[in-house]
Amino acid sequence: MALATVWNYCVPLAIITAACLVRTARCQAVQAENVTVLEGGTAEISCRLQNYDGSIVVIQNPRRQTLFFNGTRALKDDRFQMVLFSPRLVRIELTNVSVSDEGGYFCQLYTDATHHQVATLSVSVPPETPTVEVKQEAVEGGEVELTCMSPRSKPAATLRWIRNGRELPGVVSQQDNAKTFSVSSTIRISVERKDNGAALSCEAFHPALGGQKKIRHYRLDVNFAPTVRIVPPSGILREGDSLSLTCSVSGNPLPRNIQWSKINETLPERAEISGPTFQISRLSQSHNGTYLCQAQNNFGRAADHYTLLVYDPGAVVETHSAVPYAVIGGVLALLVFTVICVLIVTIWCSVRQKGSYLTHEASGLDEHGEVQEAFLNGNDASQGKKEYLL
């Protein structure tokens, strides 16, 4: 209401002469001024008189009920007060103004004839901070419909949606409620899980706010299925160590219950569960296996697993000491195989070389017999000799 009191101002109206006395040389006149005030504020209604000679002055409300008669209260409404009655100015004050007080207030001057002027009272109703309504829940991958509402203002307020400094176009609806207006602006936007918590605002502008604006801030509430991730320990786990797993869960709404289990087995007796944390003290190889963390909400279920393998230091040392013997055995087997292969190739080559020698020796004997026969026969001995010598 403080704002309403500050924003009270008067707008001069064209001065209209109300009464002229025909039987005198002087003319009486009354002037009225229009007034605009904020709802809840205080309005001053003034009637200015010229050449007033003591005639009757009456002030009436828009329903033509007499408020004051020559400065005397005529209507029992304590909100109206006579603050000044003089030959030049008559002024009344109306407090806690409402839109029902709007209309023309009559300044009447009674001379030989009745004349009046009207001071029009206008009441401005600034909007309250707008409200935001959601038609249905926002779900990942869908659309959400948001409506910004200003239920009462005069004149009608202007609404604007803002996201990341940019205006979002909306569908505007306006309804006339007698002397005030209700205004709404509706937007539809697609949403993903990354939009959860995104900030929007609805701004209301109005002449009565003097350049200021009423703002309603809103954050998107996007529902989505949970995601689960087990944070594993670092390093190698050996017998006697302790295991601590943390199940990191997100989702909207955030799952309230987190379930730990072991695939195909029951959880170990020494297992301790505290919300998202799973612990086993004094590990042994009997604890080996796959552990599961599960979470769900109304929009889905998710799980993650961790496979535990507990190492026995003794087994690890024994395994490492057995490795050189296996290598030596393999090398020896390879050497034996190589020697056998060399022996087989050597024997095969030797046999082939001996067979080739015997063949060449037999061929040489045949050639010698032919030469001897040709010499004894004396036929073409020289030619044959020449031929064989060649």
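Rings of Phe, Tyr and Trp (for Trp, the six-membered ring) form a pair if their centres lie within 6.5 Å. The exercises below apply this to a predicted model.

**Exercise 1.** Find how many aromatic pairs the rule gives, and classify the pair of Phe80 and Tyr105.

Solution. The count comes to three aromatic pairs. For Phe80 and Tyr105, the ring centres are 6.3 Å apart, and the cut-off is 6.5 Å. The planes stand at 45 degrees, so the pair is tilted. Finally, both Phe80 and Tyr105 are buried.

**Exercise 2.** Classify the pair of Phe278 and Tyr291, and state which parts of the chain the pair ties together.

Solution. Centre to centre, Phe278 and Tyr291 are 5.4 Å apart, with 45 degrees between their planes, and the pair is tilted. Phe278 is in strand 25 (residues 277-280) and Tyr291 in strand 26 (residues 289-297), so the pair ties together parts 13 residues apart in sequence. For burial, the limit is under 20% relative accessible area. Phe278 has 0% relative accessibility and therefore counts as buried. Tyr291, also with a relative accessible area of 0%, is buried.

**Exercise 3.** Name the residues that ring pairs link into a cluster.

Solution. The cluster consists of Trp260, Phe278 and Tyr291, linked by ring pairs.

**Exercise 4.** Which residue lies over the face of Phe106?

Solution. Arg64 lies over the face of Phe106, 3.8 Å from the ring centre.

Methods. Residues are numbered from 1 along each chain as its sequence is written. This is a predicted model: local features need pLDDT of at least 70, side-chain atom pairs count only at pLDDT 80 or more; totals for chains, interfaces and linings use all residues. Side-chain values use heavy atoms; hydrogens and water are left out. Rings of Phe, Tyr and Trp (its six-membered ring) pair if their centres lie within 6.5 Å; planes under 30 degrees apart count as stacked, over 60 as edge-to-face and the rest as tilted. Buried means under 20% relative accessible area, exposed over 50%, partly exposed in between (1.4 Å probe, protein chains only). Helices (H or I, at least four residues) and strands (E, at least two) are DSSP runs, numbered from the N terminus. A charge sits over a ring if NZ of Lys or CZ of Arg is within 6 Å of the ring centre and within 35 degrees of the ring normal.
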